[in-house]
Amino acid sequence: LFRYSNIAGWVDYVETAGFKTVIFDEVQELRHGGSTAKGKAGSVFARSAERVIGLTATPIYNYGSEIFNVVELIAPGTLGDWHEFLIEWCKPHGSHWVVTDPTALGAYLFDAGVALRRTEDSDEVKSQLPPLNKVIVEVDWNTDDAQSNEDLQRMLAQRVLHGSFSQKGQAARELDLLMRQQTGVAKARSVAAYVRMLVESGEPVLLAGWHREVYAIWLKALADLRPVMFTGSESQPQKREAKRKFLAGETDLMIMSLRSGSGLDGLQHRCANVVFGEFDWSPQVHIQVTGR
């Protein structure tokens with residue numbers, strides 16, 4: 001068993017170790033291919049084995065073209081080389097590439113025997129999982145918490161409309177980040193009030209968010225509930241302790257970053273309630289969080 005962050009140090013050994021099978025769990029970690037050290041090392045592991053399997057609920061995070069690196073790792077040549085893949089399946093989107101017809105590409109991979117898919121809609125999965133109930137709750141907006149910088153927003157918006165190509169892209173990203181943070185902060189107190197209602201009714205809750213400024217409001221508003229944190233700022237021992245406390249019933253509230261907890265298992269034995277206090281830009285991330 002290796003962490004992805006460690007495998008680059010083992011490439012010399014793996015070529016002589018005689019491993020017959022390599023399984024990449026959360027294989028989307030290698031979606032950037034050879035542009036990262038772990039991607040290069042993953043290719044060495046894959047070439048050295050007779051059987052290669054990739055497991056994931058989220059094979060890509062953003063651009064559909066990321067699937068090329070994942071498939072190339074599992075079954076090299078299935079999609080041709082990079083340029084053939086772009087010509088056959090993709091169209092440009094700014095400086096990136098997106099898959100023109102994801103459904104057709106998926107069907108091709110299934111027919112080629114490269115991909116095997118189990119979804120919540122399949123009978124096999126339905127028989128093993130309870131139904132997922134989604135409830136949308138509209139919460140109030142606290143204008144006092146959202147100290148918006150209207151001058152900065154206006155400047156970024158003008159740059160998106162009238163700037164150069166690179167200026168437009170940078171300004172759009174900054175404006176998006178600014179508005180996302182402002183939205184999360186403005187709704188943080190109302191989200192905390194809703195979470196308190198659930199916890200005080202006896203329901204353990206997994207509360208998902210993204211911005212540190214939002215976490216700060218939640219921690220202050222819910223301090224008496226003794227929440228534990230599982231985000232990008234905690235060390236591995238701290239995360240293990242947070243999980244232990246939550247599973248042991250020492251707290252009924254875990255605050256988790258939307259993109260933390262890959263491979264985390266066990267929460268389902270204690271908690272069946274997830275509150276998204278902030279949304280991610282990728283719906284697939286929400287699916288992974290509910291999977292926790």
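**Strand 5 and its surroundings**

Let me start inside the sheet: L207 has V275 in strand 8 as its bridge partner. Before going further, note that this is a predicted model. Strand 5 and strand 8, residues 274-276, pair in the parallel sense over three bridges. The pairing of strand 5 with strand 7, residues 253-257, is also parallel and runs over five bridges. In that pairing A208 stands opposite M256.

How much of strand 5 is covered? Five of its five residues, 205-209, are buried. In a regular strand, side chains alternate between the two faces of the sheet. Here V205, L207 and G209 point one way and L206 and A208 point the other way, and all are buried.

Now to a residue that packs against this region. V195 lies in helix 8, which spans residues 165-200. Is V195 buried or exposed? V195 counts as buried because its relative accessibility is 0%, and the cut-off for buried is under 20%. Beyond its neighbours within four places in sequence, V195 is in contact with V205, L207, L222, L253 and V275. For a sense of distance, V195 and C90 are 105 residues apart in sequence, and their C-alpha atoms are 43 Å apart in space.

**The chain as a whole**

Stepping back, the chain has 11 helices and eight strands. Its C-alpha atoms fill a box of roughly 55 × 55 × 40 Å along the principal axes. Of its 292 residues, 36% count as buried. Among contacts in the chain with a separation of 6 or more, 65% are between residues 24 or more positions apart.

In soluble globular proteins, nonpolar side chains tend to be buried together. Which residues touch the most other members of the largest nonpolar core? That core has 26 residues, and the ones in question are F24, I67, L79, F85 and L105. At least two residues each come from strand 1, helix 2, helix 3, helix 4 and helix 5. Helix 3 supplies the largest share of this core, with five residues.

Helix 3 covers residues 67-74, and its buried residues are I67, F68, V70, V71 and L73. These buried residues pack against strand 1 (21-25), helix 2 (37-47), strand 2 (51-55), helix 4 (82-89) and helix 5 (102-111).

Leaving out residues up to four places away in sequence, L79 touches F68, V71, F85, W89, L105, Y108 and L109. There is also a second, separate core of 19 residues, which includes V185, V199, L222 and V275. Of these, L222 and V275 have already come up as contacts of V195.

**Pocket and cavity**

Next, the empty space. Rolling a probe the size of a water molecule over the atoms shows where such space is left.

The second largest pocket has a volume of about 1,200 Å³. It is lined by 31 residues, and F2, R3, Y4, D25 and S262 are the closest to its centre. Strand 1, helix 2 and helix 10 (236-248) each supply at least two residues of the lining. Strand 1 gives the most, five residues. By class, the lining of this pocket divides into 13 nonpolar, nine polar and nine charged residues.

How many cavities of 30 Å³ or more does a search of the whole structure find? The search finds one. The largest cavity has a volume of about 40 Å³. Its lining consists of Y61, L258, R259, S260, S262, V285, Q288 and R292. That makes three nonpolar, three polar and two charged residues. S262, in this lining, was also named for the second largest pocket.

Not counting residues up to four places away in sequence, Q288 touches E26, Q28, A57, T58 and Y61. Y61 and Q288 both line the largest cavity.

That is the tour; I am happy to go back to any of these regions.

How values were computed. Residues numbered from 1 in each chain as written. Predicted model: local features only at pLDDT ≥ 70, side-chain atom pairs only at ≥ 80, totals over all residues. Heavy atoms only, no water. Buried < 20%, exposed > 50% of the residue type's maximum accessible area, 1.4 Å probe, protein only. Helix = DSSP H or I, 4+ residues; strand = E, 2+ residues; numbered from the N terminus. Pairing = 2+ DSSP bridges. 1 Å grid on protein atoms, 1.4 Å probe; cavity = no way out; pocket = protein on both sides within 12 Å on 5 of 7 lines; lining within 4 Å. Points joined across faces, edges and corners; volume = space filled by probe spheres on them. Nonpolar A, V, L, I, M, F, W, Y, C, P; charged D, E, K, R; others polar. Contact = heavy atoms within 4.5 Å. Core = buried A, V, L, I, M, F, W, Y, C linked by side-chain atoms within 4.5 Å.
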